[in-house]
Amino acid sequence: MSDTASPGAFPYRLVATDLDGTLLRSDDTVSERTRDALAAATAAGAAHIVVTGRAVPWTRHILDDLGYQGLAVCGQGAQVYDAGAHRLLTSVTLDRQLAGVALAKIEAEVGPLHLAASRDGLDGEVLVGPGYAVQGTLPATPFTDASDLWTAPLNKLYIQHPTLTDDELCEAATRTAGAFVTVTMAGAGIVELLPLGLSKATGLSLAARRLGMKAADTIAFGDMPNDIPMFAWASYGVAMADAHEELKAVADEVTSSHDEDGIAVVLERLLG
């Protein structure tokens, strides 16, 4: 990451924004001010890429509502999605055998977990097991038999614990199973097990390459620890005011909250 953004004309060719807690307000809408600022950045020659932990089925309706026609990085970097063509360009799946080993190791350390899983593909379901609390009102399919998790390719597993905090669960999972899967925290109640080595930076670098752009061209906005690799890859990282402290610690700048148009505040300043 650079120490400062350059003055003058808009200094970036790529604007990468997380979705929940960053681009989306608490009511799951994007403000007119933020829409206008992003439109001005694209008019100045930049591309906008949504980079989200949500898999495509949980992202597509939001992009359609925004009239978003570009590339989106979904599933914590597992999927590069062409929103205009409604087409999945790349997809990385979780090794189910390694994931099973990882789950066993984590549960041996902390006790039984509540589980959910995101199936791969444009229409992949999110399966939710007993006790797992889905955040918001996103569609999910309940299961009771854990063997159902492994019957189709997955891009991630979600884990929750009845007593541990998200930070405690993430730390324990990383310590015990980090050799088998990547563990990340994407929001309140959202600790995920991903293919080993996968991150938002993985997908963003692939999408940027398709656009002929590089890390040095990129400003990134986010709010949670799963955005840390994206900040490390980008030239400049901006955390929202209510971001997780781990992300703020590595950000080049902290802006206003997602409910106070934090993305627009920064883009308007850079646009002059």
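**A guided tour: cysteines, cores and His 161**

Begin by selecting Cys 170, which is buried at a relative accessible area of 13%. The coordinates belong to a predicted model. Next, select Cys 74: its relative accessibility is 0%, so this residue is buried as well, the cut-off being under 20%. With both cysteines displayed, note that a search of the whole structure returns zero disulfides.

The largest nonpolar core comprises 50 residues. Select Phe 10, Val 15, Ile 49, Ile 219, Phe 221 and Leu 267, the residues with the most contacts inside this core. Then highlight helix α9, residues 262-271, which contributes five residues to the core, the most of any element.

Return to Ile 49 and display its surroundings. Setting aside residues up to four places away in sequence, Ile 49 touches residues including Leu 14, Val 15, Tyr 68, Leu 71, Val 73, Leu 204 and Leu 211.

The last stop is His 161, in the loop that runs between β9 (154-160) and α5 (166-177). His 161 counts as buried because its relative accessibility, 14%, is under 20%. Beyond its neighbours within four places in sequence, His 161 contacts Val 110, Pro 112, Leu 113 and Leu 169. Val 110 is 51 residues away along the chain, yet the two C-alpha atoms are separated by 8.2 Å. Draw two distances from the His 161 side chain: 2.7 Å to the backbone oxygen of Val 110, and 3.1 Å from one of its polar atoms to the backbone nitrogen of Leu 164.

Definitions and conventions: Residues are numbered from 1 along each chain as its sequence is written. This is a predicted model: local features need pLDDT of at least 70, side-chain atom pairs count only at pLDDT 80 or more; totals for chains, interfaces and linings use all residues. Side-chain values use heavy atoms; hydrogens and water are left out. A nonpolar core is a set of buried Ala, Val, Leu, Ile, Met, Phe, Trp, Tyr and Cys residues joined through side-chain atoms within 4.5 Å. Buried means under 20% relative accessible area, exposed over 50%, partly exposed in between (1.4 Å probe, protein chains only). Helices (H or I, at least four residues) and strands (E, at least two) are DSSP runs, numbered from the N terminus. Contact means heavy atoms within 4.5 Å. A disulfide is a pair of cysteine sulfur atoms within 2.5 Å. A polar contact is a pair of N or O atoms within 3.5 Å; within protein, one must be able to donate a hydrogen and the other to accept it, and residues adjacent in sequence count only if both atoms are side-chain atoms.
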